[in-house]
Each structure stands twice: as C-alpha cells, then as structure tokens.
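Reader: Please show me the sequence and the structure, and then let us go through some local features together.

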Amino acid sequence: MEEMEEELKCPVCGSFYREPIILPCSHNLCQACARNILVQTPESESPQSRRASGSGVSDYDYLDLDKMSLYSEADSGYGSYGGFASAPTTPCQKSPNGVRVFPPAMPPPPTHLSPALAPVPRNSCITCPQCHRSLILDDRGLRGFPKNRVLEGVIDRYQQSKAAALKCQLCEKAPKEATVMCEQCDVFYCDPCRLRCHPPRGPLAKHRLVPPAQGRVSRRLSPRKVSTCTDHELENHSMYCVQCKMPVCYQCLEEGKHSSHEVKALGAMWKLHKSQLSQALNGLSDRAKEAKEFLVQLRTMVQQIQENSVEFEACLVAQCDALIDALNRRKAQLLARVNKEHEHKLKVVRDQISHCTVKLRQTTGLMEYCLEVIKENDPSGFLQISDALIRRVHLTEDQWGKGTLTPRMTTDFDLSLDNSPLLQSIHQLDFVQVKASSPVPATPILQLEECCTHNNSATLSWKQPPLSTVAAEGYILELDDGSGGQFREVYVGKETMCTVDGLHFNSTYNARVKAFNKTGVSPYSKTLVLQTSEAAGAHETKPVKDTDSEEQTLPFPVPSERLPLRRMSPFSSTLNLQPSFPGRSYFDFRSSPHQLSLHSSLQSLNAPVDIKKLLAVAWFAFDPGSAHSDIILSNDNLTVTCSSYDDRVVLGKTGFSKGVHYWELTIDRYDNHPDPAFGVARIDVMKDVMLGKDDKAWAMYVDNNRSWFMHSNLHTNRTEGGITKGATIGVLLDLNRKTLTFFINNEQQGPIAFENVEGLFFPAVSLNRNVQVTLHTGLPVPDFYSSRASIA
C-alpha cells in the first residue's frame, strides 16, 4: 500500500488529494490547488474577443497558442503569460513536491463562499502540472471539470488502513500530529495551524471541531457522495457516451450535446471497463513479476560482482607478487654474478700485482748488483762473471717480454643487462578481454611434406583446415628443449612457415602449433618429431614421427644450396633473447615463402656405425649481425678482413653445444706480422679487443714465428711455428670430451689448448687490417684424431 501513496498525492501541494477534479488530460488536481495555478489571460486575447473581431482562428488553435506562450516547457514549472503588457509578473512559489506555482496577479474579491465555490475570474487558463497541456476555462470555471469520487474513496480507505497517528494537513515542512478535525472543512489541524488558519471567530466559530480519531470515524461513516453531471448539477449520471468516453445524465441525452451520440447503460459499461482494466492489470502484473525477478537477479549480480572482485583482486595481487618475487630472485642471482665477477677481477689483478712485484724486486736487485760489479776495477775478476751476468740480464729482459706488462684484466665489467624487453612487457601488461561472441580458430594442420631439418635448424609448415570458417589472427609455434622437457614458444605471428636455428646437433625435438584470435586459442596440433643432423653430406631420408599417427618416412631431396643458418637457439642458458613480437620476448626465427626450397639433410638410422659419421658436421658462415662495425665481409660472408689497425672480433652464425666439430681458415693476406686469433667464444664476447682478452673466449693467437693460447688474458703454452700467406689454421671443438685443439697446416699446434669447455660456443676470429682469412666448413675431422677417438 505504501508504494501506492505517490499516486494519491497532488502534484502541486504534495498532500493527499482533497476534492480531486479530473482534467481533460486524465490527470487529477485538488480543486483548491487548481484554483491556485489558474492564470488570467488578457481580454483582447480571449477566444470571445477573437471571435468577435472576426478572426478565423478556432478554439483549438488558440489552445496551441496558449501552450507556446507558457514558460512551462522551458523551466519545467508553470508561469504566466510573458508577452502581454497587461500581465504583471509575480514571483513564483514552490509546492512541497517542487512544482512552481504562480499565484493570481490580482487578489480575489472578498466572499463568504468556500474556496471551492468561489467564482473564477473570466478568461482563466489552467495548465496540467504533469503533462503541461493548457486549457481555457469556460463560464463554469472549475465546476466544469468532473470530480474524481473513486480517487476520494481510495484515499479514504488508504488513510483508514494506516495505523499511524493522523498528521496535520496544513504543516508546510514536517507535518505535526493533528489535535482536532473540522467536520465542515474536513481538515485535520495541529494546534499552531488551527490558531493560524482556523481561528474561532467569524463564520469559522460555528464549525464543529472534533478529536482526530472521531473525525476518522465520522469520515468512514459518512455516506458516499454520488457523482453528478457537470452540466446539470441536479442530475445523476445514468448513461455512458461511447463517443465522448464519459458518463452523462438523462438531460444531456435529451437536450445536450450528447443527444446524437451513441450511449450505453452505465452499469454495463462499468462492468466492461472493469473487465478491461483487470485484463490490462494481468499483463502489467506479469511485467511487474518479471521486474521483481529481474531486480532479484540484479541484486544477486551485485553480490557476485563484489565476491568476484575480491577474488580477482586477490588473484591479481598474487600474480603481481609472484612477478616481484621472481624479479627479486633474479636480482639476487645477477648480483651474485656481479660479485663473482668482481672477486675474479680483483684476484687476477692482485695476482698479477704480486707476480710483477716479485719480478720487479728481483730485476731491481739484479740491476743494482750489476751496477756495483761495473764499478769494480779488477778486469780479470770482472771477466770471470760478466758472461753470466749478461745472460741473466737478457733472460730477465725476455721475461718482461710481450704480454707481461699488459693487464690481464680490464677494469670494465663485461656484463650488460638488457632489461628493455622486460620493461616493455611490464608496460604492456594488461588484462585480456575474452569474448565468447565468436568461436576460437580450428586446430592447425602440420604439412608433413614441407617440415624438415637441415644441420641444426628445423623448418615447420602448417595450414588451417580446408573447411574452417573461423579466421585465425596468428599462430604460436612451440618446441621442447630436445631432451623431452617443457615446450617453449619460438614463434608468434601470421606466417604459416618458420625456420628455427641454433638447435643441438644429433637431437630429437617435438614441435606443435596452435592458432589464436581475439576470442582465444585453438587446441594444439598433432606433435611432430624432428631429428637434427648427425653426419656430413648424408642426404638420405629419415623417419619423421607424428605422435598421434603412424610413423611416416618423408623423402627429402638433396639441398641445391646451403642457406645461411641463424645462430640463435631457444634452448641455451646463455642465449641473449631478442624481442620479435610486440609486447613479448621470443627467439630468433625466420619465416618467408621462399623457405619452401629448404630441405633436410639427415643420416639414415640404419647406416653402419662409423666414428666419422657419428661426429656432427655443419656448414656455416660468418655472422655480419654480431660482428664489429670495422669488420669487412665478402664471398657470401666466408671471407673476412678489417678496416682498423686494432683487433676486431667476428663470430660464426652457428652455435655448438654437443658433438665434435672441425673447421679451417686459410690466410689470404698477411702483412707486417700481425697477431690474428682463432678459436671459439660466447655470444656476448667483447668485439673490440683481441680474442681471448676476456673470459668469454678461448683462442690461439699466432704471428710469423710462434703461437700462444689465451683465455681471460692469460697467455700459456708458447709454441714455435707461425703462419704466412697461404697457411691453414684448423680448429677442433670436441664437446663430447670438452676439449679445444688447434692445427697449423694439418699439424697439431702444441698440446690440447683448453679442457673442460662446456656450454654454447660460436666459432670466432679476431684480426686487423693486415690480415684476411677465408672460412671453410663442412669438413671431416682429421684422420689421426678420428683414430684416437675410436681407440678411446
């Protein structure tokens, strides 16, 4: 019942309707409130004066003119005419519900009648406060509007159903409790309002005031007023005019404007309209029921949103904390490496200081002794020891020879932290909106006839199913680590073919691919098993396995040319990752349509065992991408020289971490006896110093007479025998035995240069402008080493 209360209140005064009248727009007003919002129009603009002046404007047109001349549309209130000089402006007042009310310009003449029966000024206009429609009143004034007796009855029943104390009906703000009720005025008063509005003098002294409870009973027991005709006040409604849709009396049918209209019995139409209203209420009741259920659903959603928000925030905080913890752990690891490097540098420098200090003390002592000997005047005694002293001086001088006065360690830290991919990933860290409006792409199909391996690279090709109707925005290729470990992403993009370089030789890799779009990712394709090369020049076919299907043998033709291979491997702990897709870091890859010509070079699994064939062989060239800017490459990146007088480093394009590998370099030009260096290095070796100056390279540097091995700027194993133009340098990297050996003109130069070499190594050379060398790869291991390996 309380929800109905707004329907029972007047839009002007905000209180329950008192003697409500029905406007032509079907809205209701208190009769007293309707009188308060009347506006008087100028005489010259009245309908009568316009008709008298011969104007052809109808009453309907005049009403439209009234609507245009009111301020109600502009300010959402109600105003008087503003375009006439005779209409004075008056300040507006606000009713309790916010409606603006303009009092009449002239005070009403004194009268002894009640406000409801007081005469209405001529040419008055009333505007509905709810729909803003305007209407010119006729000579009957407000008495021309029918009274809403049904609404009065509903209000009476509603007020009787409320058990709360009756409130004063005239209090402007917070209504006080009523103390009396006037039976004649039918109004409840509190004491202040009774003294102010209903003083006990004059005509009001004859009114009977009763307690509120008695007034409520008298209201309840008072007979219901019968609705009478607005045109004939003495006649009751007896029929219903179908055309005008209003009750009429008998006299209206005889002599009024309804005489030619279709009429029906009032009781029958009453029952018919009740039935229609009940049917309409049934539909509205269904909508109200749906609205209530919808509100329950919305309230449930509010609770679920709150719960999901708490859960999501906790998950987000946990994920961010995990990232912070991982970053802190990595920070600690990097700091440990920096500290290790710091201690190593200090140890090397301090050892060199100690060594040089001892040698300098010995040299200084020898010099002082020799000076004292020179001062002696005994020729025979001097000649007895002079030869020995001269040999000692020369020997000591040789000990201060090449490299002795060169620092074994640089002051700079050869560590460079590349945090740009991680910062970019952090900046692009965002939520992924998963929309279920469109399906995910279909599972890609691996094209086995185009998937192959070559040396230590693998080429994979895939496509969408022929009948797929969902477009894929890109693909994600994943490979394991060659040892059955976890899969890692090696390519993300729109291409349907990709070559991954820098894999381990003689290893088995599992590959799979999936498609993605804005909705999500597809299931993985079937897993493909690929075997990298084992032997040189073996162009036989090799089984390629599909884990979800039977084993298939693919005939790969011999490659017509050797394509340069990438050095980057996604499975080395020393790999320097480069970003190849926006917002994420991936591994080096190549993908282009021309790679269809790249084929596998595999050894048959059933071939007889031979030590030469078990040693991995690879073809590669120098890598211009990793070379120093002073390096000059030619002959398809197989020949290298330098534009600087200082030593500069260049690496090969293929990295090795398993197997036995051998390559040679021929000296094309050798001027002014320089010291080129040959060997292997990490990917992050220093490029602007001689190979072996830092701890990232293992090398042999050689001149025209002798050679030395060098690592971390330590020179060892001086060996006689140098190089000239046309000489051949051989490098043998045996990762099975973890050794590095050098050769000059097919003869081993000195002992095994380095032992316990582990990790990922790239062929490397350092030279200056006085040297030019050419690289030769795909070579067999020297026979004597193969024999020795077979015996071992």
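Reader: Is S507 buried or exposed?

Author: This is a predicted model, in which local features need pLDDT of at least 70, side-chain atom pairs count only at pLDDT 80 or more, and totals for chains, interfaces and linings use all residues. Residues are numbered from 1 along each chain as its sequence is written, and side-chain values use heavy atoms, with hydrogens and water left out. Buried means under 20% relative accessible area, exposed over 50%, and partly exposed in between, with a 1.4 Å probe and protein chains only. The relative accessible area of S507 is 4%, and therefore S507 is buried.

Reader: Which residues does S507 touch, not counting residues up to four places away in sequence?

Author: S507 is found in the loop between β19 (497–500) and β20 (508–516), strands being DSSP runs of E of at least two residues and helices runs of H or I of at least four, numbered from the N terminus. The C-alpha atoms of S507 and T532 are separated by 5.5 Å, although the two are 25 residues apart along the chain. With contact taken as heavy atoms within 4.5 Å, and not counting residues up to four places away in sequence, S507 touches G482, L530, Q531, T532 and K658.

Reader: Are α9 and α10 roughly parallel or roughly antiparallel to each other?

Author: The axes of α9 (residues 266–374) and α10 (residues 379–399), lines fitted to C-alpha atoms over the stretch in contact with angles from 0 to 180 degrees between N-to-C directions, come within 11 Å and cross at roughly 155°. Angles under 35 degrees count as roughly parallel, over 145 as roughly antiparallel, 65 to 115 as roughly perpendicular and the rest as oblique. The relation of α9 to α10 is therefore roughly antiparallel.
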